[in-house]
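Subject: Structure handover

Hi,

Here is the structure for you to look over. My notes on its salt bridges follow below.

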Amino acid sequence: MKSLSSFAALIALCAPVFGALPVVPAKDQAVFLKSSDKKLAANKKIAYDFFRIVLRAGHLEDAEKYMKPDYMQHNPNAETGIAGFKAYFQAAGLKPTEVKPTLDNLVAIQAEGDYVTLSFSREYDDPNNAGKKYTTTWFDMFRIDGGKIAEHWDSATMAVRAPAKK
C-alpha cells in the first residue's frame, strides 16, 4: 500500500505541470488521413474535408455532399438534420471563405469502425487570471454511414439563448 500512496503523491505533484503543457497542433496532417483499412481512410477523409470545406470555409451549399439528409446533431445548441445544421450556422454568421488545404489547430484524427474523431487545440480566456489565456482540446466526433456523415458529437455545453422577442 505504501507504493500506491507514493504513486498518488507523485501524480498530485506532477498534475499542475502536466496540466499546463500546451496542446500542440500537428505539422503534417496528411499522415492522419492514412490507414491500411480503406474504409477508415475514406471515413477520415470525409470528416476532414467536411470540416475544412463546410465548417471552416463556410461552404454550407456543400453540406449535402457530406451529410445524410437525416443527420443527427448531438450538440445541444444546433438543430438536427441538414436544414437545422444550415440554419444554425447561417444564424451564427458563417460566410463562405477560401478553402484551406489544412485545418488550423488540428491535433489528431482517430478512426474506429464508423466513427471518426478530430481533436483541435483551442485557446480561451482564463477565468481565474484576467488577461491570460489557456489552451485545451476540443473534440468533434462523427459517425459515417454509406460515405456520409450520419451523426455528430462535440464537447459543447448549452449556450445562453437570447429571450424571444414579443
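Start with Glu64 and Lys86: their side chains form a salt bridge, 2.9 Å from N to O. Glu64 sits in helix H3 (residues 63–66) and Lys86 in helix H4 (residues 81–91), so the pair ties together parts 22 residues apart in sequence. Lys86 is buried, at 19% relative accessibility. Glu64 is partly exposed, at 36%.

The model is predicted: local features need pLDDT of at least 70, side-chain atom pairs count only at pLDDT 80 or more, and totals for chains, interfaces and linings use all residues. Residues are numbered from 1 along each chain as its sequence is written, and side-chain values use heavy atoms, leaving out hydrogens and water.

Some terms. A salt bridge is a side-chain nitrogen of Lys or Arg within 4 Å of a carboxyl oxygen of Asp or Glu. Helices (H or I, at least four residues) and strands (E, at least two) are DSSP runs, numbered from the N terminus. Buried means under 20% relative accessible area, exposed over 50%, partly exposed in between (1.4 Å probe, protein chains only).

The whole structure holds eight salt bridges. Another one joins Asp114 and Lys39, at 2.6 Å from N to O. Asp114 lies in the loop between strands E2 (106–112) and E3 (115–125), Lys39 in helix H2 (residues 38–56), and they are 75 residues apart. Asp145 and Lys68 also pair, at 3.1 Å. Finally, shared partners join Lys45, Asp49 and Arg52 into one salt-bridge network.

Best wishes
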